[in-house]
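Q: I have a chain open here and would like to walk through it. Can we take it piece by piece?

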Amino acid sequence: MQYKKFENTYIVRIEKGEEVMEKLNELAEKENIKVGSVTAVGATNRAELLWYDPDKKEYAEKTLEGENYEITAFIGNITRKDGKPYLHCHITMGDRNMT
């Protein structure tokens, strides 16, 4: 991960093979970010997704791997929970079949 700070804004580049949420948590911890918003675009060939079922009050998981996916939107926020960074993010992606 590489990043630069401009006043209260960080420009971040996550390198191929790095785990996005892990690196964003690392940045928030290192820079003592207590609250913030995250927006991004890019690409990946692996994504671990969660979907919340409000009726069952539990998450279903799915891993997408091997295909190249364009990240068309990645948005979220950074807050603190139990003194540690807590990220809540949403993503939309598309593959070569536009699904």
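Q: How many bridges join strand S3 to strand S4, and do they run parallel or antiparallel?

A: S3 (residues 36-53) and S4 (residues 58-81) are joined by 16 bridges and run antiparallel. Strands count as paired if DSSP finds at least two bridges between them. Before going on: this is a predicted model, where local features need pLDDT of at least 70, side-chain atom pairs count only at pLDDT 80 or more, and totals for chains, interfaces and linings use all residues. Residues are numbered from 1 along each chain as its sequence is written, and side-chain values use heavy atoms, with hydrogens and water left out.

Q: Noted. Which residue in S4 stands opposite Thr44?

A: Tyr69.

Q: And the turn of that hairpin, which residue takes a positive phi there?

A: Lys57, with phi near 55°. The hairpin has 4 residues between the strands.

Q: Back up a bit. What does the secondary structure of the chain come to?

A: 1 helix and 5 strands, in the order β-β-α-β-β-β along the sequence. Helices (H or I, at least four residues) and strands (E, at least two) are DSSP runs, numbered from the N terminus.

Q: What box do the C-alpha atoms fill?

A: Roughly 40 × 35 × 20 Å, taken along the principal axes. The accessible surface of the chain is about 8000 Å², and 50% of that belongs to carbon and sulfur atoms. Those areas come from the Shrake-Rupley method with a 1.4 Å probe; for residues, only the protein chains shown count as cover.

Q: How much of the chain counts as buried?

A: 19% of the 99 residues. Buried means under 20% relative accessible area, exposed over 50%, and partly exposed in between (1.4 Å probe, protein chains only).

Q: Now the helix. Where is Lys23, and is Lys23 buried or exposed?

A: Lys23 sits in helix H1 (residues 20-30). Lys23 is buried, at a relative accessible area of 14%.

Q: What does Lys23 touch?

A: Met1, Ile14 and Glu18, leaving aside residues up to four places away in sequence. Contact here means heavy atoms within 4.5 Å.

Q: Which residue does Lys23 form a salt bridge with?

A: Glu18 is one partner, with the closest N and O atoms 4.0 Å apart. The rule asks for a side-chain nitrogen of Lys or Arg within 4 Å of a carboxyl oxygen of Asp or Glu. By that rule the count is 6 salt bridges.

Q: Why would such side chains pair at all?

A: Side chains of opposite charge can pair when their charged atoms come close.

Q: Where is Glu18?

A: In the loop between strand S2 (9-13) and H1. Glu18 is partly exposed, with 26% relative accessibility.

Q: What about the largest nonpolar core, how many residues has it?

A: 13 residues. Such a core is a set of buried Ala, Val, Leu, Ile, Met, Phe, Trp, Tyr and Cys residues joined through side-chain atoms within 4.5 Å. Leu24, Ile33, Val38, Phe74, Ile78 and Met93 have the most contacts inside the core. H1, S3, S4 and strand S5 (84-94) each give two or more residues to the core. S4 gives the most, with 5 residues.

Q: Which residues does Met93 touch?

A: Among them are Thr44, Leu64, Tyr69 and Thr99.
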